[in-house]
Amino acid sequence: MQQLSVKHLLGIKDLTAEDIHLIFETADNFKQVINRPIKKVPSLRDITIANVFFENSTRTRLSFELAEKRLSADVINFSSSSSSVKKGETLLDTVNNILAMKVDMIVMRHSSVGSPHFLAKHVKCKIVNAGDGTHEHPTQALLDAFSIREKLGDVAGKKVCIFGDILHSRVALSNIFALQKLGAQVMVCGPKTLLPTYIQELGVKIELNLRKALEWCDVANVLRIQLERQTIKYFPSLREYSLYYGINKTLLDSLKKEIVIMHPGPINRGVEITSDVADSKHSIILNQVENGVAIRMAVLYLLAGASNN
Ligand code: CP
């Protein structure tokens with residue numbers, strides 16, 4: 001069996017292009033499985049996985065749980081809002097107590113940057129990062145790149161622009177790493193206040209004008225404004241943001257070209273994207289969600305087979 005070069009999935013930054021291609025090829029096989037009448041394989045029958053979520057989630061949590069069940073793993077779910085974290089228990093104590101119940105793998109989402117890296121240093125099991133604060137969301141970037149490959153045949157050579165709140169987005173950073181490793185050209189577009197100062201060092205193109213960015217790209221990955229992470233005002237109002245950076249059908253039609261529309265969700269309809277774009281034939285937003293299950297099956301399967309050393 002081919003193996004990943006990593007023991008945990010903490011971020012795309014740690015993966016090689018070969019790792020990503022191996023995950024895609026494995027996901028191709030699992031995508032066939034989950035489209036069969038019998039959607040389950042026994043691959044992780046002896047493995048127990050805990051989904052440990054310290055932040056809200058719909059897509060990622062359900063997608064991991066479904067991926068684990070399709071692989072026949074035993075699954076337990078932990079949500080910090082209804083746990084003893086509320087009584088003061090630390091992250092490490094919480095995870096060590098879960099591991100004492102003979103759990104083999106932890107899938108964790110946490111608001112603190114680097115928390116899965118901290119866990120990987122202090123506990124013995126495999127860790128999958130399901131999003132750490134504003135840092136990385138590796139499985140989202142993998143499913144995004146996999147969806148581009150599915151739609152356009154390849155990621156290499158494609159022009160992908162990520163629009164919106166780059167500053168607070170773990171999806172943006174993981175996408176930039178994944179797309180560049182796969183040979184795509186990457187641009188970011190948004191108000192200057194929502195572009196991090198380090199962005200130039202990542203080798204991406206920067207465009208402040210929405211129309212010019214749309215004229216350049218083959219694929220538009222549209223991000224939500226993350227108001228919950230904003231402690232100061234980065235733009236005057238959502239109405240003004242939408243006026244300058246909202247993607248609508250009139251604007252897209254005026255470009256006279258086809259652009260693949262992506263969004264990691266959740267969508268704020270009418271802010272960063274209008275419904276007639278999000279639900280259009282050019283949108284692959286629900287394909288991204290579908291592909292998330294196959295990608296997460298591939299990641300869990302490959303990590304379970306990886307050596308512990
Ligand atoms: N894309 C994504 O991470 O969505 P959730 O927050 O619903 O998991």
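**View 1. Helices H2 and H6 in the lining of the largest pocket of the predicted model.** Helix H2 (59-70) and helix H6 (170-181) each contribute at least two residues to this lining; helices are DSSP runs of H or I with at least four residues, numbered from the N terminus. The model is predicted: local features need pLDDT of at least 70 and side-chain atom pairs pLDDT 80 or more, whereas totals for chains, interfaces and linings use all residues. Residues are numbered from 1 along each chain as its sequence is written, and side-chain values use heavy atoms, with hydrogens and water left out.

**View 2. The largest pocket and its centre.** The volume, the space filled by probe spheres set on the grid points, is about 440 Å³. A pocket is an open set of points, on a 1 Å grid over the protein atoms alone, where a 1.4 Å probe fits, with protein on both sides within 12 Å along at least five of seven lines; lining residues have an atom within 4 Å of a point. Among the 21 lining residues, Arg109, Arg170, Arg224, Gly265 and Pro266 are the closest to the centre. Domain 1 (12-136 + 289-307) and domain 2 (138-286) each provide at least three lining residues, the bounds coming from an automatic or database domain assignment.

View 3. A polar side-chain atom of Ser57 lies 2.6 Å from a ligand oxygen atom, and a side-chain N or O atom of Arg109 is 2.9 Å from a ligand oxygen atom. A polar backbone atom of Gly265 is 3.4 Å from a ligand nitrogen atom.

Conventions:
Polar contact = N/O pair within 3.5 Å; in protein donor to acceptor, adjacent residues only side chain to side chain.
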